[in-house]
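Please read them with the model open.

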Amino acid sequence: MSRSEVLLWVRLRGREPGEPTFRRQHPIGPYIADFYCSATKLVIEIDGGVHREEDRMVRDYWRDEALRERGCRVLRIDARDVLRDPDSVADKVRAEARLPPPSRSA
């Protein structure tokens, strides 16, 4: 795990009653999600510098589409944001995980 992933994971791994729970390095078909909330089918991806390269952005787009076809929502977060303020990012992730899963008709 990268430094930004570790910083986020230490904030998400707790299992507080009534709060969303997360898994790290969770397989979904041929993909591995950095973090995953199964209750709301939320995939969280932490994107480092390589994800800003054009060829990687294209691959990420098609990966996200494949995950959406599996009924998942994808939340991409820039690693720099996690390094700058991991608590705020963790709060944002938890808020997203409280939203209902995507409907199959969307």
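1. Start at I28: its bridge partner in β2 is Y31. β1 and β2 pair in the antiparallel sense over five bridges; two strands count as paired if DSSP finds at least two bridges between them. The two strands form a hairpin with two residues between them. G29, in the turn, has a positive phi of about 60 degrees.

2. A word on the basis. This is a predicted model, where local features need pLDDT of at least 70 and side-chain atom pairs count only at pLDDT 80 or more, while totals for chains, interfaces and linings use all residues. Residues are numbered from 1 along each chain as its sequence is written, and side-chain values use heavy atoms, with hydrogens and water left out. Helices (H or I, at least four residues) and strands (E, at least two) are DSSP runs, numbered from the N terminus.

3. Next, the sheet. Four strands form an open sheet in the order β1-β2-β3-β4, with mixed pairing. β1 (23-28) and β4 stand at the edges with a single partner strand each, so one side of each has no neighbour in the sheet. Neighbouring strands are turned by 45 degrees against each other on average, direction ignored.

4. Strand β2 (residues 31-37) runs antiparallel to strand β3 (residues 42-47), and three bridges join them. C37 has L42 as its bridge partner in β3. Helix α4 packs on the sheet and touches β2, β3 and β4. The direction of α4 makes about 170 degrees with that of β4. Axes are lines fitted to C-alpha atoms, for helices over the stretch in contact, and angles run from 0 to 180 degrees between N-to-C directions.

5. α4 also meets another helix. Helix α1 (residues 3-12) and helix α4 (residues 86-97) pack at about 60 degrees, their axes 9 Å apart. That makes α1 oblique to α4 (under 35 degrees is roughly parallel, over 145 roughly antiparallel, 65 to 115 roughly perpendicular, the rest oblique). From α1 come L7, L8, R11 and L12; from α4 come P86, D87, V89, A90, V93 and R94.

6. Last, C72. It is found in the loop between α2 (54-69) and β4 (73-78). Is C72 buried or exposed? C72 is buried, with a relative accessible area of 5% (buried means under 20%, exposed over 50%, partly exposed in between, with a 1.4 Å probe and protein chains only). Beyond its neighbours within four places in sequence, C72 is in contact with I28, Y36, K41, V43, L67 and P102 (contact means heavy atoms within 4.5 Å).
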